[in-house]
2 protein chains.
Amino acid sequence: MGITIKDVAAKAGLSVSTVSKVFNHYADISPETKELVMEVAQSIGYYPNATARALKTNRSYNLGFLFDENASSGITHPFFAEVINAFKNECESRGYDMTFINRNVGQTQMSYLNHCRYRNVDGVCLAGVDFFSREIHDLIYSDVPSVSIDHVFETRPSVVSENTRGIQDLTEFAIQRGHTRIAYIHGETTSSVTRHRITGFYRTMTAHSLPVPPEYFLEGKYLDSRRCRELVLNLLSLPEPPTFILLPDDVSYLGAIEAANIKGRIIGQDISFAGYDGIQMIQYLKPKLTTIRQNTEEMGKKAADLLIDMIEQPNTAGSEITYITGKLLEGKTVAVLNG
Amino acid sequence: MGITIKDVAAKAGLSVSTVSKVFNHYADISPETKELVMEVAQSIGYYPNATARALKTNRSYNLGFLFDENASSGITHPFFAEVINAFKNECESRGYDMTFINRNVGQTQMSYLNHCRYRNVDGVCLAGVDFFSREIHDLIYSDVPSVSIDHVFETRPSVVSENTRGIQDLTEFAIQRGHTRIAYIHGETTSSVTRHRITGFYRTMTAHSLPVPPEYFLEGKYLDSRRCRELVLNLLSLPEPPTFILLPDDVSYLGAIEAANIKGRIIGQDISFAGYDGIQMIQYLKPKLTTIRQNTEEMGKKAADLLIDMIEQPNTAGSEITYITGKLLEGKTVAVLNG
DNA sequence: TTGACTTTCTAAAACGTTTTCGGTAAGATG
DNA sequence: CATCTTACCGAAAACGTTTTAGAAAGTCAA
């Protein structure tokens, strides 16, 4: 069909092997031959075929990205979109392409592991999945190189954002400004991200000998502003409402604003909020949200680098954990009570 | 390395050809043999290798997605993210995977066309690129099947959202509510999307014999709320400011809100706005934005279907244009002047 | 001149499939 | 019983590469 290495060989009057060697930078090729081959290749528009190459070398230069199996938000998720984008950019600059790994390929169901094998990906990056499922387990403990984001497996490298630290900073920030009645609407406890954040929260509160009454500690959902709205309404209806509320994430702030309006509270005065993620679009809201800006750029890039390093130097592959620190973005949503 | 068809053949006591035929649903296989092969394959965890298959059949079951070459927003773009997600989901349910096509694979620059050939994609979908560039031209007029979103090439099928209609509806909506001083901050004129929208705007204004003074017609930028803020400020500082402003898109509304606040205008009373896209997150803002909700789900799905149909039935491949109609979402940002 | 290196190239096998073309055996037909 | 079908299976070539092992020709020292 297309132009193959044979065409180049024929036109250059050389063997296929020689042409191949030129493209793979072998040493035993004279400069003249090299130049000739390149010229001919250029002139007839030859480009090596990745599939054929992959078949022979068992290297596809294709990386899998596995995330969000329930596909509720998918690529649309503002936080993951940024991470994926950074991952993709780093892949590309290192010569790899990226393919999404999923379970339903056509009619037939396929395990993640099989999908990886089927596509011959050189490695796979996991983010935002159910890290405790059997399927993920099978994949992680298989021979396909992998790296996980915001979850650590003992045998694989991982990139995790310092969630404990982030919530600690936020809580500390509130306390420094005189808040003592601090509530936390956290995300789903099934994820380790949430558990780390909860740890950070309790740790800080305890350090300052502040109580956390059970009605101040609620399970919310990530990215669900409607649910957040309800929970904030509940909190504000309490006989003794909190003065500061930690939200699951930035998107939840949309619901929090509504709840505050309904209750006639002025944000940053009568009630204080903090989010998590540092999503660009949310930062445009008034009042500007105090939050932790996650370094998504770094997370995606680092994940790609770890994965590719592992692929290219399998001997040096470890299971290191790379911590990415977020940054507290001070907005206008936190009242100063001890002015 | 992995488990191959040979292993299955050996264990089942059959030839490689027979096993292959089972997996490709050939007719000349007895039910018993079929079952045996499936059983053995299952038991040793065999899955056909897509690369080998691709090499032989010249079909990779892999689709390229090409978008946003300058990578400014990339996958992060709220509108494209939704389209891509829908495209991806439809691909998957029809048995295809998706790979992003770009230009910089490793150190070496590679044309889009070469990247497609290199990866052996069965087809490619284009969205949000510079449709007038040479590179895109080369790709579109090559033999690799393609479909474009929001731009039409005569020789290829395309999916376009009814942009002219959308702006028409919005403008009409404003006029019906008594607005006559209507300004339009449009996006970059390099895209045909913008040009269609502009057509819709002028057409409606002219139909109602309403003037469009030059100072009411400004070139903004998509997704740039800061720039929008400046332009809205300018408009509101005019001796005779407009009462209604069409914004480039929903994200721009963030800037518009700021500008209105600065100028002390109450949105939906003193000044009216309309956006475009219908992005979920923006809909949570107060006051709720009147906008056109683009049917991104349908756009992505349809693009995938067109592309796959073209690949699977090349004879029936046409160059039809599929129009996707948006839906006017009535918010609270438009004042009624003729109440 | 000879042997030992170097340098540069090539032949051929291999990667894991698909697919064409036959082949064999069993059953059907006369 | 001989022949024709039919149903099922396999051998082998091919897809476009990479890579190993070695061949051919040139260089150089003794």
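Trainee: What makes up the surface near DNA strand D, by class of residue?

Mentor: In this predicted model, the residues of that surface divide into 11 nonpolar, 11 polar and 7 charged.

Trainee: How do you know which residues belong to the surroundings of DNA strand D?

Mentor: A residue is counted as near the strand if one of its heavy atoms lies within 4 Å of it, and 29 residues surround DNA strand D, the closest being S20(A), T18(B), D28(B), T33(B) and K56(B). Of the atoms of DNA strand D that come within 4 Å of the protein, sugar and phosphate account for 59%.

Trainee: Why is the approach of the S20(A) side chain to a phosphate oxygen of DNA strand D called a polar contact?

Mentor: An N or O atom in the side chain of S20(A) is 2.4 Å from a phosphate oxygen of DNA strand D, and because a pair of N or O atoms within 3.5 Å is a polar contact, this pair qualifies.

Trainee: What makes the approach of Y46(B) to DNA strand C a polar contact?

Mentor: A polar side-chain atom of Y46(B) lies 3.2 Å from a phosphate oxygen of DNA strand C, and the cut-off is 3.5 Å, so this pair also counts. For S30(A), a backbone N or O atom lies 2.9 Å from a phosphate oxygen of DNA strand C.

Trainee: Which element gives the most to the surface near DNA strand C?

Mentor: That element is α4(B), with 5 residues.

Definitions and conventions. Residues are numbered from 1 along each chain as its sequence is written. Chains are lettered from A and ligands numbered from 1 in the order in which they are written. This is a predicted model: local features need pLDDT of at least 70, side-chain atom pairs count only at pLDDT 80 or more; totals for chains, interfaces and linings use all residues. Side-chain values use heavy atoms; hydrogens and water are left out. A polar contact is a pair of N or O atoms within 3.5 Å; within protein, one must be able to donate a hydrogen and the other to accept it, and residues adjacent in sequence count only if both atoms are side-chain atoms. Ala, Val, Leu, Ile, Met, Phe, Trp, Tyr, Cys and Pro count as nonpolar, Asp, Glu, Lys and Arg as charged, and the others, Gly among them, as polar. Helices (H or I, at least four residues) and strands (E, at least two) are DSSP runs, numbered from the N terminus.
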